[in-house]
Amino acid sequence: MVKEIERTGIPVVHMCTVTPISMTVGANRIVPTIAIPHPLGNPELPLDEEYALRRKLVDKALEALSTEVDDQTIFEV
Amino acid sequence: MSKFKVVHYINQFFGQVGGEEMAHIPAEKRKGPAGPGLAFTKQFKDEAEIVATIVCGDSWFNENLEVATKTVLDMVREESPDLFIAGPAFNAGRYGVACGTICDAVKTELGIPVLTGMYVENPGADMFRTKVLIISTANNAGGMRKAVPAMAKLALKLVKGERIGASVEDGYIPDGVRRNFFDKKRGSTRALEMLLKKIAGKPFETEYPMPTFDRVPPMPAIVDMTKANIAIVTSGGIVPKGNPDRIESSSASKYGSYNIEGVDDLTSETFETAHGGHDPVYANEDADRVIPVDVLRQYEKEGKIGKLHDWFYSTTGNGTAVASAKKYAAEIAEKLHSYEVDAVILTST
């Protein structure tokens, strides 16, 4: 899906936990996330800390979308 | 003659520990065969035996790739087996990646033959088919009865050091290595037969498939994020509570478009996940853990982004055919363009 949307001219950042799969399917901008069932959260944290964590991940995604890349790139958080 | 010693790797489901709610369990080793191992044992007759079975949660393996690989590798090493088998994983993505990863590690580190099995669209197949032999299986466990004999047969060949046939003969996913054999018909005959089939519009199989390099060049970056219209797409199956479009929990036949105009926060009362490929508890408690509507809405208010697109698009990614995903994405892309969306955050579970 990442590739098919990007093909039409819209940049896509893929946020996922198993980044090797993302590399295989051909995502160009990749942000690694927390865990498979809760990529953008961590239920073990108190709510405010979990929200801060999610902000950090989204910040990284926005940074990825604002960064020119020539090739598949993983943006480590 | 003593039997060849085999170690078998399976996931928590086939190890009968439990379903998705148990996908977090670390690897454990049991004596003898378990689950599909019993079927392998029958096929091996008195030539080989499964001395140990390693059962491991799919999520645990994938979320801790390095530690998990080392842990399982050590467990295999302790048994000093002659052969290592993983799966079959069918179309279970995390399971396939785990099988491929551990087979590759065992082959490299312990130098013994390894074999796994999966459906050709399993992401693990593309990742590992040039590294380890993967028997081509059906896309679900209903294909076990066919997969086990094919795997057992090739496994015995491998452990005995016998010659491996071409992928069409031995039923594995092409690994990029050419294996020569004498065909009963000569080349010109086969070529003419193929040509006649082609002219007649009948299906035929090329002997030399062209490689496909399906890569999309990266699109230019967003220059001014404060003016950008950002959309959310997910394969994590987030839907309004009650799943109004009845998106399937796996092998989705559709995607949904859901309006989030004026929604500041996703709650357990309003949204949930339809995804059946992982434990849904966390997403059901707070769907923002899968699609960050709360943060993006806040950023829209702060002016960090221009706009959060009024709709999000969702399907379930587990077991969904590549062809379906392509079709949904093409339709979603059309909608995104009609709303002048500038960039997409796509989340996967």
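Two strands pair if DSSP finds at least two bridges between them. Helices (H or I, at least four residues) and strands (E, at least two) are DSSP runs, numbered from the N terminus.

The model is predicted: local features need pLDDT of at least 70, side-chain atom pairs count only at pLDDT 80 or more, and totals for chains, interfaces and linings use all residues. Residues are numbered from 1 along each chain as its sequence is written, chains are lettered from A and ligands numbered from 1 in the order in which they are written, and side-chain values use heavy atoms, with hydrogens and water left out.

**View 1. The six-stranded sheet of chain B.** An open sheet of mixed pairing is formed by six strands of chain B in the order β2-β3-β1-β4-β5-β6. At its edges stand β2 and β6 (134–136) of chain B, each of which pairs on one side only. On average, neighbouring strands of this sheet are turned by 25° against each other, direction ignored. β2(B) pairs with strand β3 (residues 48–56) of chain B in the antiparallel sense, over four bridges. Within that pairing, B:Lys29 has B:Ile54 in β3(B) as its bridge partner.

**View 2. Helices across the six-stranded sheet.** Helix α4(B) lies across β1, β4 and β5 (114–118) of chain B and runs at about 165° to β5(B). Helix α6 (residues 144–160) of chain B lies across β1, β3, β4, β5 and β6 of chain B, at about 160° to β5(B). Here contact means heavy atoms within 4.5 Å; axes are lines fitted to C-alpha atoms, for helices over the stretch in contact, and angles run from 0 to 180 degrees between N-to-C directions.

**View 3. Two loops of chain B with backbone features.** The peptide bond joining B:Gly87 and B:Pro88 is cis, with omega about 10°. B:Pro88 is placed in the loop between β4 (83–86) and α4 (93–110) of chain B. In the loop between β1 (4–11) and β2 (28–31) of chain B lies B:Gln16. The phi of B:Gln16 is near 55°, a positive value in a residue other than glycine.

**View 4. A sheet with strands from chains A and B.** Seven strands make up an open sheet of mixed pairing, in the order β3(A)-β2(A)-β1(A)-β12(B)-β7(B)-β11(B)-β9(B). β3 (73–74) of chain A and β9 (256–259) of chain B are at the edges, each with a single partner strand, so one side of each is left without a neighbour in the sheet. β9(B) and strand β11 (residues 307–314) of chain B are paired in the antiparallel sense over four bridges, and B:Asn259 stands opposite B:Trp311 in β11(B). Helix α11 (residues 322–338) of chain B lies across β7 (229–234), β9, β11 and β12 (343–347) of chain B, running at about 160° to β11(B).

**View 5. Chain A.** Chain A has three helices and three strands. From the N terminus on, the elements of chain A follow the order α-β-α-β-α-β. Taken along the principal axes, the C-alpha atoms of chain A fill a box of roughly 40 × 25 × 20 Å.

**View 6. The two domains of chain B.** Chain B is divided into domain 1 (4–170) and domain 2 (225–347), with bounds that come from an automatic or database domain assignment. Five residues from domain 1 of chain B and seven residues from domain 2 of chain B take part in the contact. The C-alpha centres of these domains lie 34 Å apart.

**View 7. The second largest pocket.** Among the 18 residues that line the second largest pocket, A:Pro37, A:His38, B:His24, B:Glu63 and B:Tyr282 lie nearest its centre. On a 1 Å grid over the protein atoms alone, a pocket is an open set of points where a 1.4 Å probe fits, with protein on both sides within 12 Å along at least five of seven lines; lining residues have an atom within 4 Å of a point. Helix α2 (residues 58–63) of chain B gives the most to this lining, with three residues.
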